[in-house]
Amino acid sequence: MKEKEPMQLDVNSIRQDFPILDQSIHRERPLIYLDNAASSQRPLAVLQSMVDCYEKTYANVHRGIHWLSEQSTEQYEHARQVVGQMIGARHQAEVIFTSGTTAGINLVAHAWGNGHLREGDKILLTILEHHSNIVPWQQLAERTGAIVEFVGLNEQGRVDLETYQDLLDERTRMVAISAVSNVLGNVVPVAEMVGLARSVGAQVLIDAAQHVPHEPTNIIEWDADFVVFSGHKMLGPTGVGVLWGREELLEAMPPFLGGGSMISQVTVEGFTPGELPAKFEAGTPPIVEAIGLGVAAEYLQQIGLAEISRYERELTALAHRELSTIDGLKLLGPAEPDQSGIVSFVVDGLSNQDISIFLDRQGVAVRAGHHCAMPLHEYLGIPNSCRASFYLYNTEQEVRRFVDAVRQVIEKLR
Ligand code: PLP
């Protein structure tokens with residue numbers, strides 16, 4: 001089959017699905033949204049599916065024996081199926097709706113971690129982790145006496161696999177790593193790291209918050225034990241995310257939250273947990289949000305994650321090339337080609353907040369700060385950085401405008 005030409009995504013037609021992007025701000029500057037790593041925008045199909053549900057088919061799921069409840073339940077379970085298929089899950093029971101990545105990691109840190117870690121056991125993370133994949137483990141360590149250790153980066157700015165192997169030992173019970181750094185955009189060699197963790201019998205959790213939205217994801221190839229991600233970063237609504245877990249592990253774990261839906265029986269003496277996935281979905285779930293997430297997953301798959309990834313990497317490489325010509329600007333992270341949709345940088349003598357405020361005045365939305373990765377910034381010897389993050393609806397022209405605006409801000413503020 002003939003290889004597609006680069007930059008072939010039909011971005012103009014994609015953009016028509018995102019009316020929020022079609023506006024001018026601050027005295028008629030076209031809005032350029034480059035804060036996608038924090039949260040993406042949603043296409044009309046997702047918004048409409050949610051309105052349709054509230055207008056026509058909404059009721060609480062699972063327990064109602066009436067038409068509306070059956071409709072909602074069917075749509076909610078269909079969403080589970082679509083999202084599960086998207087990541088290659090073999091069993092629907094392994095796909096648990098959560099409120100997001102943070103909730104998924106906390107669930108595992110409690111329901112799996114409390115029963116599996118003892119004093120002196122090790123939890124191994126990389127220095128790239130988002131606070132969501134650090135703090136729950138630190139809390140677990142406080143509860144159990146376990147130790148949290150971090151793998152640093154090598155000279156190329158990638159996770160140092162030699163240190164990783166040195167730190168892995170038979171005391172390592174959990175390895176928790178992000179598949180893509182939310183600051184540097186590094187694509188981490190997940191399958192290789194999982195294989196090494198297996199050799200010492202450690203369990204592995206993958207924080208795929210920046211992977212599932214942008215790269216083809218196959219959990220079977222990763223061979224991890226838990227995978228977590230958020231809906232709002234992948235064209236879906238806020239308030240919903242996914243925890244995928246290996247069935248036998250989920251079966252063996254006690255429930256995390258107690259309440260309605262997660263039980264098979266309750267008596268005055270106690271309760272019996274329900275079957276998967278209900279066992280980990282206590283209370284009324286984010287019904288309409290999950291339905292919207294299912295539509296977002298269908299939308300992404302229709303366009304194709306491989307195509308989206310290739311397009312975003314081209315935008316990222318362009319931003320890299322152009323920014324690297326600017327005097328005094330330092331790009332963080334390894335150079336392409338393993339850069340997924342994220343470019344972070346600092347500028348000698350300028351505050352990242354000032355840069356981002358100036359860019360906003362030009363209509364360009366980027367993020368300045370520690371991006372919930374304080375340990376990484378400390379490791380890099382900087383307090384914070386500026387981050388531009390791309391998605392399927394961004395254009396080459398937007399990247400060039402962003403780079404021009406960075407040039408202008410540096411001239412103006414220096
Ligand atoms: N992990 C990574 C790599 C992220 O980028 C984020 C969000 O920025 C999170 C975890 C937390 O996601 P949420 O706030 O949706 O729970």
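Select helix 2 and colour V46, S49, M50, C53 and T57: these residues are buried (under 20% relative accessible area; exposed is over 50%, partly exposed in between, with a 1.4 Å probe and protein chains only). Seen down the axis of helix 2, the buried residues fall within an arc of 100°, so they line one face of the helix. That arc is taken from the directions from the helix axis to the C-beta atoms.

This is a predicted model: local features need pLDDT of at least 70, side-chain atom pairs count only at pLDDT 80 or more, and totals for chains, interfaces and linings use all residues. Residues are numbered from 1 along each chain as its sequence is written, and side-chain values use heavy atoms, leaving out hydrogens and water.

Turn to the face of helix 2 away from its buried side. Exposed Y54, E55 and K56 sit there. Next, show helix 3 (67-87) and helix 11 (287-303), which are included in what covers the buried residues. Helices are DSSP runs of H or I, at least four residues, numbered from the N terminus.

Now colour by domain. The assignment, automatic or from a database, gives domain 1 (11-30 + 304-413) and domain 2 (47-302). Their C-alpha centres lie 28 Å apart. At the interface, 35 residues of domain 1 are in contact with 33 residues of domain 2 (heavy atoms within 4.5 Å).

Select L305, L376 and Y391. They supply 23% of the area that domain 1 buries against domain 2, more than any other three residues. Buried area is the accessible area (1.4 Å probe) that two parts lose on being put together, summed over both.

How values were computed: Helices (H or I, at least four residues) and strands (E, at least two) are DSSP runs, numbered from the N terminus.
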